[in-house]
Amino acid sequence: MPTAPLQSLAMSRIKLLPEILASQVAAGEVVERPASVVKELVENAIDAGAHKIELGIQRGGISLIRVIDDGCGMDRDDTLLSLERHATSKIRTADDLAAVTTLGFRGEALPSIASVARFRLTTREHRALVGTEIIVNGGRIETVRDAGEAPGTQVEVRSLFFNVPARRKFLRSEPTETRHVEHEFFLHALSHPGIGFTFVRDDKFLLQLPAASSIRDRIRDLYDAQLVEELLEVIPDQRNVRVSGWIGRAGISRQTRSQQFVFINGRSIESGVITNALREGYHTALMKGQYPITFLFITLDPRTVDVNVHPAKREVRFRDPAKVREAVVEAVRRTLSGARQNWREKFQSKRETEEENLKRPEPVGPLPDIGRSEPSLSPDTVTPFPPDLVSPQIVVPAPENTPAGNGSPFQIIGVLNRLYVLMENSEGLVLVDQHAAHERILFEELRRRMEEQGVPSQRLLLPQIFSLPPRDAEWVERNIPTLQKMGIGIEDFGGNSFRIESLPTFLEVTDVVKFLREIIDELKVTSRSSSPMRLGEDMIATTVCRHAVKANDPLRYPEIEKLIRDLLACELPYCCPHGRPTMIQISLTELEKKFGRKV
């Protein structure tokens with residue numbers, strides 16, 4: 001049989017791409033849209049030690065992107081080298097890559113951008129007499145010459161994707177691309193408040209942000225004072241994973257993640273670990289389907305986080321994700337708890353606060369059975385106030401000798417629409433939703449009872465045996481005591497199999513195996529310090545909703561006063577178990593503005 005010539009066998013179908021084409025391929029990962037270019041150029045400016053950065057765009061960045069900074073600048077040799085692929089000043093060895101401390105480090109951005117646009121770079125070091133200008137057209141260097149620019153660096157990117165029409169047609173409308181650029185601008189302005197930022201769109205100055213002394217001041221500059229008033233400063237602690245920043249108060253949320261910002265060592269990132277930790281930290285303080293407002297800054301050893309796992313560096317990988325999740329959960333809980341004390345001080349005198357801190361929990365009675373359709377709740381703590389004590393049409397006003405005259409910093413005024421309790425405190429008017437408030441009181445009391453006395457469970461008629469993948473099986477083996485504390489009678493059955501003998505009485509489960517798989521998936525992303533009653537909290541919230549004071553239940557003054565005091569003693573007094581607010585404060589300043597007394 002004739003054989004092919006050796007020369008034809010040596011002919012390879014795999015060929016090296018031309019340098020310009022290779023850069024365009026690399027640009028497909030780095031340069032997705034104009035906002036991607038803005039991200040890379042602004043990061044370079046920050047890494048260069050800039051104190052002021054100006055961003056200008058035209059037509060959403062499609063026509064022009066210009067970034068000007070007053071950073072260290074470059075000499076001619078470094079300027080030419082910066083346009084070579086994988087040329088960088090950020091890292092030298094593999095150890096540097098394992099502990100990245102700068103925003104950029106790959107050395108791909110400038111050559112990738114220059115390969116798909118008309119590119120101009122001018123730069124000058126601060127002590128140099130002249131600078132350098134380089135003009136690149138679609139990856140080909142056309143001009144290299146001296147320039148008399150100010151110290152720092154200026155990069156212009158025009159006609160993005162002019163030579164790659166397949167990429168250009170996938171760009172969105174100019175308003176959409178502009179919004180993406182603005183979002184990128186906001187991220188960098190938030191993460192580096194010590195740098196002054198200017199944003200120019202279509203030759204109009206939109207934002208001029210001076211260097212701020214704190215992230216709070218930068219948030220106020222970017223948004224408004226009203227948002228700042230809804231935020232709480234995160235209370236940091238001394239640990240390897242330091243969490244700081246500002247988060248929304250309990251009950252304050254948004255329908256999207258548009259105001260959920262997370263930064264790792266100054267880098268804006270997206271992380272499912274952090275998202276789950278935030279939801280875990282807020283827990284019942286957040287309505288389902290809502291997202292918290294967060295400006296969260298996490299600082300940790302660069303060696304414990306890998307930032308080189310995503311082409312656009314949007315995602316990171318933690319060496320110990322459980323430790324990071326735990327730090328975020330505890331920081332959120334600690335901050336909300338600290339806010340609770342500040343909130344209570346508005347409604348309690350100093351003497352009452354001291355007594356409350358010294359008060360010991362009272363003994364609790366027998367555990368109510370919430371597995372029935374109409375559970376019987378303890379009348380001392382969880383029964384609604386009897387509606388027959390007052391006329392259905394009348395709410396008894398506060399007596400003249402109110403607690404306000406005895407050192408209490410709040411006074412009950414009355415009830416609006418047989419639902420909203422009106423109160424006055426030192427800051428103005430307070431409205432309390434009596435149903436939501438009573439829900440929170442009942443929820444925390446019943447949950448505390450079940451945590452102290454254990455979760456009631458009932459045996460299955462037929463034990464269920466099921467198998468899990470190796471990783472899930474390993475997790476279940478480690479957490480069998482926790483699952484048993486939650487009322488799940490589970491034991492190892494050999495290999496990767498387990499046997500379920502009992503479940504909590506308040507659960508109605510038709511498919512035990514499916515239920516256990518879902519629970520395992522949910523618990524794997526929760527905090528190690530979570531309440532053992534997590535499985536029953538939804539059922540508790542549903543139960544107390546049926547038994548809490550309703551909108552049309554009229555209350556006498558002593559009952560209203562007891563409701564308010566019980567609410568202030570709760571762990572999370574500002575929202576019901578479903579995340580809705582229980583109290584709304586209307587300040588005297590706001591009222592004066594409404595009545596035209598103050599501008």
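## Exercises on a predicted model

**Exercise 1.** Determine which residues Ala331 touches, leaving aside residues up to four places away in sequence, and decide whether Ala331 is buried or exposed.

*Solution.* In this predicted model, Ala331 touches Val234 and Val243 once residues up to four places away in sequence are left out of the count. Ala331 itself belongs to helix α12, which covers residues 321–345. Although Val234 and Ala331 are 97 residues apart along the chain, their C-alpha atoms are separated by 6.6 Å. Finally, the relative accessible area of Ala331 is 0%, and because buried means under 20%, Ala331 is buried.

**Exercise 2.** Work out how helix α8 (residues 174–191) is oriented against helix α9 (residues 215–222), and describe the contact of α8 with α9.

*Solution.* Start with the geometry: α8 and α9 pack at an angle of about 155 degrees, and their axes are 9 Å apart. Since angles over 145 degrees count as roughly antiparallel, α8 is roughly antiparallel to α9. Next, identify the residues: α8 contributes Phe186, Ala189 and Leu190, while α9 contributes Ile215, Arg218, Ile219 and Leu222.

**Exercise 3.** Describe how strand β4 (residues 131–137) pairs with strand β5 (residues 140–147), and what joins the two strands.

*Solution.* The pairing of β4 with β5 is antiparallel and runs over seven bridges; within it, Val136 stands opposite Ile141 of β5. The two strands form a hairpin with two residues between them, and in the turn Gly138 has a positive phi of about 60 degrees.

Notes:
Residues numbered from 1 in each chain as written. Predicted model: local features only at pLDDT ≥ 70, side-chain atom pairs only at ≥ 80, totals over all residues. Heavy atoms only, no water. Pairing = 2+ DSSP bridges. Helix = DSSP H or I, 4+ residues; strand = E, 2+ residues; numbered from the N terminus. Axes fitted to C-alpha atoms, helices over the stretch in contact; angles between N-to-C directions. Parallel < 35°, antiparallel > 145°, perpendicular 65-115°, else oblique. Contact = heavy atoms within 4.5 Å. Buried < 20%, exposed > 50% of the residue type's maximum accessible area, 1.4 Å probe, protein only.
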